[in-house]
Amino acid sequence: MKKIITIFGATGNLMYKKLFPAFSNLFKNRFLDSKTKIYLVGRKDYTLEDYLLEAKKEIKTNIEWDLLLPQLNYIQMDFSNSDDYIRLKTIINDDFTEKDKMFYLAVPPQLFPVISKGINSSGLITKGSDNERIVFEKPFGEDLTTAQKINKELWQYFEEKQIYRIDHYLGKEMIQNILIVRFTNTIFEQAWNNKTISSIQIIAKETEGVLRRGNYYDKVGALKDMVQSHLLQMVSLVTMERPKSFASDDIKDEKVKVIKQLSIDKKDIILGQYQGYKDAINIESNSATETFVFAKACINNDRWKGVPIYLLTGKSLDEKRSEIIINFKNDSSDFKNVLNNKLIIRVAPVEGVNFIFNVKEAGLSEKVVPANLDYCHTCNYLGNTPEAYEKLLLDLFNKQNSLFTRWDEIESSWKVIDEVKTYKHELFIYNNYEEIKELIVKGNEGLIDDL
Ligand SMILES: NC(=O)c1ccc[n+]([C@@H]2O[C@H](COP(=O)([O-])OP(=O)(O)OC[C@H]3O[C@@H](n4cnc5c(N)ncnc54)[C@H](OP(=O)(O)O)[C@@H]3O)[C@@H](O)[C@H]2O)c1
């Protein structure tokens, strides 16, 4: 069967930075072939040649143009004009008879309803069809109310099984690895509870500031941009109960249950903004948008009662690092200098797992010292590890939706964020990461290291 993917917003940053490199690798590695057609849709009045001239200026990676070019077509559209959808349908229908059709909305979320409506009313997608799917980029809504409104509209046009909501963190190698590490290693599975674990840290630090994304970011901030999606997804994978099976819906059922049990107390939050943020392009001069969040979350169930879950994310910090740290308790009083065991799942930029444990120092000494079992995930891969978008696009083509978010996952995470948004917080202006770190350590009395 022929496969057709139509990308709305093909003149955007996501297309150039993520989707082109992902398609290029999928063609190079023969996951996609000449039976795949890519329709690039934008509002600019380009020919394919004009489009490619612009695209090549923006794309910074090597692209297999020889493989991609014969599959590309550029179509100019006004997204609010119903005739343009009919024209698109005619072009697509003329192309092949039997097809698998995908529509990817790489556009700002305000355009989701109008494009969805156009796709539906023109008959580009028939509700319930097994061979027609639609993809939405994040963020899905601005809060619970707007997300519900968008979703209600989408459900008029498409069935849930046709809707693929992206959280690209789920496509990352080590995020896919969380359930494997947890549920295939008895040593961890048995110890995965409040009897053995003292705390959990979920960290996503960036060195870059807002760059040229001010228009988007200033309306959103770190809580909505990072915590609502990526961080709560990580929390749910780390803390969910073992699912009935590892089928997509069973995993999602457990993820939703645990997010519904999560709460963040008002006193356990620090919001910050880096010095100089307001001088960036398209930022309001009096902006109170947070670029940093530290929060202590709790999960109110038997497994996790009493275990703090520290969430930390921000821009313009000291390093780029995303990782999950599981801190184990240590009740040993027979030896001195014993460190607590630690399991670290490294998500980015390094991918791997470290386990920190105690050994006797080599030689005649009796000193206890820490040792580090270091698994490098990238080192075991021939070539480069696939980027998140490569995996997500491939799963979309293969109708695998387990790495896409179901509506109730989005709904439950917006409830958490909406609650936090009702708190009135002072915004801490930071010149450097050390200043915030000091604040966190002071508020949590030496409880946390590896910040
Ligand atoms: N960029 C990333 O790394 C990234 C990462 C994660 C998620 N996302 C999400 O992916 C989506 C796209 O992001 P992006 O960075 O590619 O955004 P972008 O650079 O602003 O481009 C989005 C696309 O939408 C089009 N567009 C914007 N407003 C429009 C309007 N009123 N009418 C018609 N077309 C319009 C743009 O057309 P013009 O070129 O004509 O303006 C462009 O083709 C967003 O939902 C974003 O949150 C992006």
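This is a predicted model: local features need pLDDT of at least 70, side-chain atom pairs count only at pLDDT 80 or more; totals for chains, interfaces and linings use all residues.

1. The peptide bond between Ala-348 and Pro-349 is cis, with omega at about -5 degrees.

2. There is another cis peptide bond to check, between Lys-138 and Pro-139, where omega is about 0 degrees. Pro-139 belongs to the loop between strand E5 (132-136) and helix H6 (144-157). Lys-138 also matters for the next point, being among the residues that come nearest to the ligand.

3. Which residues come nearest to the ligand? Of the 21 residues around the ligand, they are Thr-11, Asn-13, Leu-14, Lys-44 and Lys-138. For Leu-14, a backbone N or O atom is 2.8 Å from a ligand oxygen atom. Val-107 also uses a backbone N or O atom, at 2.9 Å from an oxygen atom of the ligand. With Lys-17 it is a polar side-chain atom that lies 3.2 Å from an oxygen atom of the ligand.

4. One backbone torsion deserves a look: Arg-30 has a phi near 60 degrees, a positive value in a residue other than glycine. You will find Arg-30 in the loop between helix H1 (13-28) and strand E2 (36-42).

5. Now for helix packing. Helix H11 (residues 248-260) and helix H13 (residues 407-422) pack at about 10 degrees, and their axes are 9 Å apart. Angles under 35 degrees count as roughly parallel, and H11 and H13 are therefore roughly parallel to each other. The crossing of H11 past H13 is left-handed. On the H11 side the contact holds Lys-252, Lys-255, Val-256, Ile-259 and Lys-260, which meet Asp-408, Glu-409, Ser-412, Ser-413 and Val-416 of H13. By type, the residues of this contact are five charged, three nonpolar and two polar.

6. How are H10 and H11 oriented to each other? The axes of helix H10 (residues 214-239) and H11 cross at roughly 105 degrees and come within 9 Å; the two helices are therefore roughly perpendicular to each other. Here Leu-232, Gln-233, Ser-236, Leu-237 and Thr-239 from H10 meet Lys-255, Val-258 and Ile-259 from H11. The residues of this contact comprise four nonpolar, three polar and one charged. Lys-255 and Ile-259 of H11 take part in the contact with H10 and in the contact with H13.

Terms used. Residues are numbered from 1 along each chain as its sequence is written. Side-chain values use heavy atoms; hydrogens and water are left out. Axes are lines fitted to C-alpha atoms, for helices over the stretch in contact, and angles run from 0 to 180 degrees between N-to-C directions. Helices (H or I, at least four residues) and strands (E, at least two) are DSSP runs, numbered from the N terminus. Angles under 35 degrees count as roughly parallel, over 145 as roughly antiparallel, 65 to 115 as roughly perpendicular and the rest as oblique. A crossing is left-handed if the near helix is turned anticlockwise from the far one by less than a right angle, and right-handed if clockwise. Contact means heavy atoms within 4.5 Å. Ala, Val, Leu, Ile, Met, Phe, Trp, Tyr, Cys and Pro count as nonpolar, Asp, Glu, Lys and Arg as charged, and the others, Gly among them, as polar. A residue is near a molecule or strand if one of its heavy atoms lies within 4 Å of it. A polar contact is a pair of N or O atoms within 3.5 Å; within protein, one must be able to donate a hydrogen and the other to accept it, and residues adjacent in sequence count only if both atoms are side-chain atoms.
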